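I opened this one to see how two chains meet and what sits inside. My notes follow in the order I looked things up.

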Amino acid sequence: MLKRCLAAVLGLVLLFMVGCNKSGTGGDGGTAGNTPVDGGTLNLSMFSAPKGVFNPILYEDQYDSNVIGLVFDGLLMNNEKLEWICDLCQNYSVSDDNKTVTFKLKPGLKWHDGQPVTTADVAFTFRAVLHPEYTGVRTGDYSALAGVQKMLDERDDLDTQVKDKKITDAESAKKKMDSWNAWLSGDGKKAINPVDDLTISFTTDEPYAPLLQNLATSIMPEHIFKTTEIGKMADNPATKAPIGTGPYKFVEYKKDQYVKLVRNEDYHLGKPHIPTIIYKIANQEVAIGQLKSGELDFMPINPADVELVKSDKNVRLETRPDFGYQYMGINFDNAFLKDKLVRQAIMYGLDRQAIVDKFLKGYGTVMNSHMPPVIWAYDAASLKPYARDLSKAKDLLAQAGWKDKNADGYLTKDGKVAQFTLKYPSGNKVRENSAPLIQANLKEIGIKVDLQMLEFSTLSTEVFDKRNMDAWLMGWSLSIDPDPGAIFLPDNKWGKVTGWTNARSEQLIKQGTKVLKVSDRKPLYVEWAKILNDELPYIFLYSQNVVDAVRQDKVMGLKPDARGTLWNIWELWIPKDKQG
Amino acid sequence: MRRVGAAVAVAPAPFCRTLRRGEAVITYTIRRLVQMLPILLGATMVIFLVIKLAPGDPFSGMINPHIDPHKIEEERHRLCLDCPLPEQYAIWLKELLQGNLGTSIRFKEPVAGIIRDKMGPTLALGVTTEVIVFALGIPIGILSARRQHSWLDNAATLFAFGGLSIPAFFFGLLLLKTFSLGSVQIFPSSGYITPGSSTTGIAHFLDVAHHLVLPALALGVTGIAGLTRYVRSSMLEVLRQDYIRTAQAKGLGERVVVYKHALRNALIPVITIIGLELPGLVGGAIITESIFIWPGMGRLLYTALLERDYPVLMALNLMFAFLTMLGSLLADIGYAVVDPRIRYD
């Protein structure tokens, strides 16, 4: 509550600021000349300080990944259609049995310290993630590689034995190392196979479509990390001061202040035009003023704040759909919500369009199933849109046996009131505002919703560890590959939380990873999304667009698309008169 | 002539008394410091319990389909987050006694280093703010009391109410709008140093000072307003007392009465405030720090709290507990210095 007040007042102050600040320099002074020139400093911004863990396999904070993205490259990157194309590789091929991918590296690639990039670096990166002493959380992404799932099962087994006090930690650690060494000299040889300095192949037990995406992760320099034990990788200075192959070299991170980067003259896609990038930590409320005064050249902006910069001729707004969406999760242990008719009634009863129109100012899409619009597996036409329809909602509830017997406005059945508690986390303003809207909407169809706002970690413990909830609000941040296995297969932590199971859904999810071609996978995911659209393990809410604001009088060469606003950062340039 | 003679005659007595008093204060201080240890130990236990009993842990906020739940369990086990609480506490205490504050779970670096990095900027902001507060708050308070109900007093009262009512963040934004983002741009809008600069020595000091002005003002104005009120009311109280009337009656000038006789007593409550401010000096100010992107302790505490970064939380709270006790001890000693009637035996 306090936070919301604060935000409202801050918003007011900003309005006031912007209202008073119309004396800026006029429009398109910088667009003269279209030949890129070198020079200048690009001032980017983020709203939370990175942790300073600039290690592609150890970082946990999205703000760290902003920097990692500039410093490192992966084997693959995306084109504008979000297909996988070569980055560090020159070409790649998939074997006929769909189990082996072979990459040929570009010759002559160099690390920022001048050392050559070889397949030893690639092999090191992926082996480190699988190593038993690895302290990060990404191992699961590579469980499809040959023999890995078996090794991971052995580790789980050992962990259980330790928990039951059958063996000690030391014994377990030793056995894990044994199984690791066995894997290295067995399946591991074909799982990650550096054939020569420039050729490396990866083999899986079964064809596994999301592997390409997971292999696209940033490659780390073996020569820097090889002298450090995998378990102590976080202590290696290169975790804090990274050395990569990307367009920008890391210079320094002043804690909570800024990250300074300089261009990599040897960048393999072309020498960047802008010599220096300062990635500033900014206050979200102040940043708009800083953008308008020219202190910042780029900021992600809240849909609600777009109005404040829209009229500024120097600012260009770029909108694109996001890889995520928000939902209201359902606990299937709740007798009321367990009924599919009730969930469908809730979908009809909610004014989800109002969330998009009012809270997101139109910068978003109503969601009707799991796949967000930006992912190729999205197919709006095949889904029921659940446009708001109160009489339909009431009919469905009546069908399910819920009637208003005492005319108090709330439905009952067998003496029980149609009622549930909605827990939601603080921190995301749009989500916070959605909760009272849901409560009001559902009251209109006779369902009583009690709201309970919790701090994020508290809520996630309640939901994912204790399952102490009827319904909750949260969001997913997805990636390019549409495989929803981690979220909807009931045998894993995220998938089991609802308690919803569906044999056909499981079958389709598993099939979807076994064929590699998009044209073969798409029908499977479309059918799967339809099941979710009908079954509603979640009440799907909305997907928010990303809105970026850039100084267009200063930053030239932008080619914004699905990859982002600044994806071609090495091609961007600053006109001479703005370089000062 | 007589007065000089009397002064000479009694001189040895206060000297001895001061000496004995000095010894008493030192003994008292040592006794209090020793007493602090068990209290501090108790405090760490309570803090540890409260932090650990809060729902969630450093990993519970990580909700991402690419995060391997088995790996999270492994990490929990490796960090002993699944151990019984007494065992976890014992491990923490043992490390502490060896001078090790632990390694941050989220920053993945030693906690001592993280805190050290924030100490400079936090103290710079805290001390500057306090200096502004006391340098302005005390004189304004005194003037206000001396000229009660004058236009000056009324202006000061108005200012105090304004200063107390305006939230620091709002005032901060107004300062930004006026002095760094509007047509007048004389102060930097954020940060502790100029981004990308690598100045040292005097240039570095000036750079920091330049960045310090707005946040210190934003923080200071509430403090000045509060202190003015304290000093004013305490001064008024003292001025009404008999010994002041006596001093006035024997013909002493107003300056002597106010600054020599009244001020000392009027400052006793101020000493309490100074003592209470000590943990605040290093505790930072989360909202002002966020607005001005000041790399202070307040934001560190806040994010550590949200992320349940236990080692960071424990270290910060231990530090605050210690400073709170130290602050009250210093205030107690300060009383003795100002007020000779207070005895410590």
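Predicted model: local features only at pLDDT ≥ 70, side-chain atom pairs only at ≥ 80, totals over all residues.

Before the interface, a definition for my own use: I call two residues in contact if their C-beta atoms, placed from the backbone, lie within 7 Å. Residues are numbered from 1 along each chain as its sequence is written, and chains are lettered from A and ligands numbered from 1 in the order in which they are written.

**Interface.** I looked up who takes part: chain A gives 53 residues to the contact and chain B gives 44. On the chain B side, the elements giving two or more residues are helices H3 (69–78), H7 (168–181), H12 (286–292) and H13 (297–307). H3(B) brings the largest share, 8 residues. By type, that side of chain B splits into 19 nonpolar, 14 polar and 11 charged. For this I count Ala, Val, Leu, Ile, Met, Phe, Trp, Tyr, Cys and Pro as nonpolar, Asp, Glu, Lys and Arg as charged, and the others, Gly among them, as polar.

**Chain B.** I found 14 helices and 0 strands here; helices (H or I, at least four residues) and strands (E, at least two) are DSSP runs, numbered from the N terminus. The radius of gyration is 25 Å, well over the 20 Å that the globule rule gives for 345 residues, so chain B is more spread out than a compact globule. That radius is taken over C-alpha atoms, and the rule is 2.2 Å times the number of residues to the power 0.38. The C-alpha trace of chain B spans about 90 × 60 × 40 Å along its principal axes.

**A:Glu60.** Is this residue buried or exposed? A:Glu60 counts as buried, because it has 21 C-beta neighbours inside 10 Å; the cut-offs are 20 or more for buried, 12 or fewer for exposed, and partly exposed in between. I placed A:Glu60 in the loop between strand S1 (41–46) and helix H2 (62–71) of chain A. Beyond residues up to four places away in sequence, A:Glu60 touches A:Val137, B:Met62 and B:Arg106.

**Cores.** A nonpolar core is a set of buried Ala, Val, Leu, Ile, Met, Phe, Trp, Tyr and Cys residues joined through C-beta atoms within 7 Å. The largest has 180 residues, with A:Ile539 one of those with the most contacts inside it. Helix H8 (residues 201–239) of chain B supplies the largest share of this core, 13 residues. A second, separate core of 18 residues includes B:Phe107 and B:Val282.
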